[in-house]
Amino acid sequence: MRSESRSIRAAIMLTAVVASLAPSARAETPADRGARVLTRAEQAQLTPGEVLERLREGNRRFVTGTRTVRDHSAQVRAAVAGQHPKAIVLSCIDSRIPVEDVFDQGIGDVFVARVAGNFENTDILGSMEYACKVVGAKLILVLGHENCGAVKAAIDGVVMGNLTAMLENIEPAVNSLASYPGEKTSANPEFVHLVAERNVRMTMTDILERSPILGELVSAGDLGIAGALYSMQTGEIEILD
Ligand SMILES: [Zn+2]
């Protein structure tokens with residue numbers, strides 16, 4: 001009896017090992033997402049384009065209410081040995097955008113860097129270089145959003161404590177739209193939208209200009225960079241062209 005149950009256990013373990021050695025990361029199943037974590041081999045096989053597509057698909061599941069049911073306890077245990085996330089997302093701190101949730105991602109799936117106004121600075125760039133050059137993430141996604149309080153504050157030139165210096169990081173996006181013909185205040189939703197989008201695009205450019213390490217990875221095709229805006233109304237992510 002005892003030896004029989006041991007052999008059954010061994011067979012189950014072997015099945016698990018064989019499954020973990022599956023060569024392709026491309027056919028991701030709900031079961032994969034629910035209980036496993038990305039392996040180094042799976043991360044290595046993904047292209048930046050495939051990672052972006054997985055984030056798009058995850059956002060579709062978020063919007064349609066079909067998010068993956070995850071066994072976080074199993075994923076925590078599976079991730080003890082190390083992490084091989086496929087992307088790093090740079091997001092605003094806004095509490096209405098739980099980043100892993102809006103992309104239906106689980107433990108070990110994505111790095112997330114957050115700062116009000118989703119701009120880059122030395123600390124964020126260092127974090128990105130760690131995520132991409134050291135750990136092997138394949139995509140940087142700069143995620144701005146509509147109705148961003150930091151963007152509105154930058155537009156209105158808010159002066160307050162450390163906020164003043166922080167908002168200077170968003171001012172170039174505001175200033176780049178100086179020729180905008182309409183009302184350039186936070187009361188104008190169109191202008192707020194334009195600044196949020198410009199801020200994402202300028203952040204993407206700045207990341208590549210200020211980090212030769214990341215720039216070289218992108219030039220070699222080993223890393224992608226994309227920008228996106230999150231809609232508060234729909235929960236949808238719009239990937240910028
Ligand atoms: Zn914001």
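A residue is called buried when its relative accessible area is under 20%, exposed when over 50%, and partly exposed in between, using a 1.4 Å probe and protein chains only. The structure described here is a predicted model, in which local features need pLDDT of at least 70 and side-chain atom pairs count only at pLDDT 80 or more, while totals for chains, interfaces and linings use all residues. Residues are numbered from 1 along each chain as its sequence is written, and side-chain values use heavy atoms, with hydrogens and water left out.

The zinc ion has C92 (SG), H145 (NE2) and C148 (SG) as its protein donors, at distances of 2.0 to 2.3 Å. Donors here are N, O and S atoms within 2.8 Å of the metal (3.2 Å for Na, K and Ca); water is not among the atoms, so sites may look incomplete. Along the sequence, the zinc donor residues follow the spacing C-x52-H-x2-C. C92 sits in the loop between strand 1 (87-91) and helix 6 (99-102), whereas H145 belongs to strand 3 (residues 139-145), so this pair ties together parts that are 53 residues apart in sequence. The helices (H or I, at least four residues) and strands (E, at least two) are DSSP runs, numbered from the N terminus.

Attention now turns to charged side chains. Across the whole structure, a search finds 10 salt bridges, each being a side-chain nitrogen of Lys or Arg within 4 Å of a carboxyl oxygen of Asp or Glu. Among them is the contact of R56 with E53, whose closest N and O atoms are 3.6 Å apart. Both residues lie in helix 4 (residues 48-63), separated by 3 residues, or about one turn of the helix. E53 also forms a salt bridge with R60, with 3.7 Å between the closest N and O atoms. In this way E53, R56 and R60 are linked in a network of salt bridges. As for accessibility, E53 is partly exposed at 30%, R56 is partly exposed at 36%, and R60 is partly exposed at 47%.

Another salt bridge joins the side chains of R96 and D94, with an N to O distance of 2.8 Å. Here R96 is partly exposed, with 44% relative accessibility, whereas D94 is buried, with a relative accessible area of 12%.
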